[in-house]
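Here is a short briefing to read alongside your structure.

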Amino acid sequence: AAYNNLGLVLQEQGKLDHAVQSYHRALDINPNYGEAYNNLGIALKEQEKLDDAVTAYRRALEINPDYSEAHNNLGNALKEQEKLDDAVLAYRRALEINPDYNEAHNNLGLVLLLQGDFSSGWREYEWRLKCRAFEIHDRDFPQPYWKGSDIDGKVILIWGEQGVGDQIMFASLLFRLQQKAERILVETQQRLVPLFRRSFPNICFFPTQDPPDSRLLGGAIDYQAPIGNLAQWLLPNEESFPK
């Protein structure tokens, strides 16, 4: 256990070679240490040694077939190898074991989108909102989430999430949203506000701040949505993408 934990610390320090050595030492002592195999796989994947990482994950699963994290990590490695069908199977196995595994749902969604299964992909992608990595982007607005209902005559608040590139990519959907809602308010990063104001003169943009601008907290706004959720309702299939 100490060698495994040492490996975790070394990995956090970016000393991947030393971390791998520490995991191997743990496994020399206890060849049936599934957690050490899983951690070894993570380190090997960071080193882009995908075949070795897959082998490590599979060894962890031989020891413990119900190791949901190892199934999820195996899916991540298989995705990097572009073995998408196999990755889907790995994620689904993780979810059979742990139906509330947020990261596995999100990862499954990304692979389904790569495969062109937009209906299922966007639905699974919504789980990103519950993932640990998403917590830094979450916004505490009082309005109910928009779930694709008719918003003719309604006011909707859209808030930016993830990185600048993601927000610019998903902003293309604001054109379509304008055809559905009476009024749109958007909270986004300060540096994007001038760009978006020029691109969408009929939408009101606000820079992200804590606490949010008080004008975004009022009852006159009917719905809210993180910008990545728009695709689920506006791009449900391949035919809906602009040509």
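Glutamate 126 is buried, with a relative accessible area of 17%. Please keep in mind that this is a predicted model. The salt bridges come to nine by the rule used here, and a few of them are picked out below.

- Glutamate 126 pairs with lysine 147 in a salt bridge, with their closest N and O atoms 2.9 Å apart.
- Both residues sit in the loop between α8 (118-125) and β1 (155-159), yet they are 21 residues apart.
- Lysine 147 is partly exposed at 47% relative accessible area.

- Arginine 93 forms a salt bridge with aspartate 66, where the closest N and O atoms are 3.1 Å apart.
- Arginine 93 belongs to helix α6 and aspartate 66 to the loop between α4 and α5, so the pair ties together parts 27 residues apart in sequence.
- Glutamate 62 is exposed at 58% relative accessibility, while arginine 59 is partly exposed at 25%.

**Packing of α5 and α6**
- The axes of α5 (residues 68-80) and α6 (residues 84-97) come within 8 Å and cross at roughly 165°, so the two helices are roughly antiparallel.
- Their crossing is left-handed.
- Residues in this contact include Leu74 and Leu78 of α5 and Ala90 and Ala94 of α6.
- The contact residues divide into eight nonpolar, five polar and three charged.

Note on methods:
Residues numbered from 1 in each chain as written. Predicted model: local features only at pLDDT ≥ 70, side-chain atom pairs only at ≥ 80, totals over all residues. Heavy atoms only, no water. Axes fitted to C-alpha atoms, helices over the stretch in contact; angles between N-to-C directions. Helix = DSSP H or I, 4+ residues; strand = E, 2+ residues; numbered from the N terminus. Parallel < 35°, antiparallel > 145°, perpendicular 65-115°, else oblique. Left-handed = near helix turned anticlockwise from the far one by under 90°. Contact = heavy atoms within 4.5 Å. Nonpolar A, V, L, I, M, F, W, Y, C, P; charged D, E, K, R; others polar. Salt bridge = Lys/Arg side-chain N within 4 Å of Asp/Glu carboxyl O. Buried < 20%, exposed > 50% of the residue type's maximum accessible area, 1.4 Å probe, protein only.
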